[in-house]
Amino acid sequence: MDRTTAEHHAIQSSNLITTLRFSQQAPMILERQLTSDKNLISSVIANQEEPGKYGILEQLFFSCLQTGDDKSALLCLEQLTRRFGSSDEKVMGLRGLYEEAIAKNQSDLEDCLRKYDLALSENPLNLPILKRRIALLRSISRPADAISSLVQLLKAIPTDAEAWCELADLYQSQGMSSQAIFSLEEALLIAPNAWNIHARLGEVLYICASAAEAGAVSEYLQKSIQYFCRSVELCDDYLRGFYGLALATSLQLRSMTLSRDSSTSTKDFLSAEKVKKLNVLAERKLEAIVNQRSANHQLWDHAQGELIATKELLDRINESP
């Protein structure tokens, strides 16, 4: 399993536990919301409607869909529809997501796509529907159409960092690394302090280095190390950033060892000594994070997938000669 896949499974595992526990509270939360709705008129008159009430319903809707509780998800959607109306853009996006989730076959998903196209013909800048359409195109294995749609969205709204990151993922999935790098760089112009985007760019550059010809490996790795360093500078306990830094510096050290001339070239700004120090720092920090979070049951439950993947990496490092 490569690093990207391992991280993906780690994040899924840790998030699923939290999502499952939240969705299991659906009957209690929905009953409380329904009781509150019975007093809607008096609450409006008193101007005491809880601002966070519908945010909780939206989160519950997502959790129920993820855990397969379609019935509770529909109840959440119906309450949101009653409050904001079926023509509300966000509600339209949530309904589209629900219909995608309950789709039984490809034909049902194509029907969802047609509904999105119809909604966009009436309002081309309906962002929730635009984004749902792009996600659906990706899920039914039409990445070229998804990329084209994202490019069009970004022409209209070039300051959407999330869309740039999604475009980068799509490009990377199609082996278009240079375009993915460009997209992530654009995202960082919008969100320069987003440590997760710095780490993601470091990952893409690391992947490029792994597949590059000998002459280009060091250049990719140095840039990768730069972005991982910036990531952990912005968030000093960001496990994913230190994980990537450990991998990138290890590969750079191996590359320097195999090179006929391991001295610093004119293109290098990182000496072997600096890379070694960063490698040791990353490994020590990973060990500290794993030990700290393993001892805390709440942290372990929340991110056990990430911690297991990190332990496996450290074991491999310790077994290396």
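**Entry: α14**

I started with α14 and counted burial: 16 of its 20 residues are buried, so this helix is largely enclosed by the rest of the structure. For the record, I call a residue buried under 20% relative accessible area, exposed over 50%, and partly exposed in between, using a 1.4 Å probe and protein chains only. Helices here are DSSP runs of H or I, at least four residues, numbered from the N terminus.

Housekeeping before I go on: this is a predicted model, so local features need pLDDT of at least 70 and side-chain atom pairs count only at pLDDT 80 or more, while totals for chains, interfaces and linings use all residues. Residues are numbered from 1 along each chain as its sequence is written, and side-chain values use heavy atoms, with hydrogens and water left out.

Next I checked the length of α14.

I then picked Gly241, which lies in α14. At 0% relative accessibility, Gly241 counts as buried. With neighbours within four places in sequence left aside, Gly241 is in contact (heavy atoms within 4.5 Å) with Ala199, Phe228, Ser231 and Val232. I also looked at Cys229: twelve residues separate it from Gly241 in sequence, and the C-alpha to C-alpha distance is 7.5 Å.

**Entry: α13**

Which helices do the buried residues of α13 pack against? I found α12 (195-211), α14 (239-258) and α15 (272-294). The buried residues of α13 include Val217, Leu221, Ile225, Phe228 and Val232. A reminder to myself: an α-helix has 3.6 residues a turn, so residues three or four places apart point the same way.

**Entry: nonpolar cores**

I define a core as a set of buried Ala, Val, Leu, Ile, Met, Phe, Trp, Tyr and Cys residues joined through side-chain atoms within 4.5 Å. The largest one has 35 residues, and Leu136, Leu167, Leu184 and Ile197 have the most contacts inside it. Elements giving two or more residues to this core are α7 (106-122), α8 (127-139), α9 (143-156), α10 (161-173), α11 (177-190) and α12. The largest share, seven residues, comes from α10. Apart from this core lies another, of 31 residues, with Val217, Leu278, Leu286 and Ala309 among them.

I followed up on Ile197: not counting residues up to four places away in sequence, Ile197 touches Cys165, Leu184, Ala187, Leu188 and Ala191.

**Entry: Thr310**

Thr310 lies in α16 (residues 297-319) and is buried at 0% relative accessibility. Its contacts, with neighbours within four places in sequence left aside, are Leu239, Tyr243, Leu286 and Val290.

**Entry: rings**

I pair rings of Phe, Tyr and Trp (its six-membered ring) if their centres lie within 6.5 Å; planes under 30 degrees apart are stacked, over 60 edge-to-face, and the rest tilted. The structure holds two such pairs. Phe61 and Phe62 are edge-to-face, 5.6 Å centre to centre with 65 degrees between the planes. Phe61 is buried at 0%, whereas Phe62 is partly exposed at 32%.

Trp164 and Phe182 have ring centres 6.2 Å apart and planes at 80 degrees, so this pair is edge-to-face. Trp164 sits in α10 and Phe182 in α11, so the pair ties together parts 18 residues apart in sequence. I read 11% relative accessibility for Trp164, buried, and 43% for Phe182, partly exposed.

**Entry: cysteines**

How many disulfides are there? I counted zero, with the cut-off at a pair of cysteine sulfur atoms within 2.5 Å. Cys76 is in none, and the nearest cysteine sulfur, that of Cys64, is 5.1 Å away. Cys76 is buried at 0% relative accessible area; Cys235 is buried at 15%.

**Entry: Ser141**

Last one. Ser141 has a positive phi of about 60 degrees although it is not a glycine. I placed Ser141 in the loop between α8 and α9, where it counts as exposed at 60% relative accessibility.
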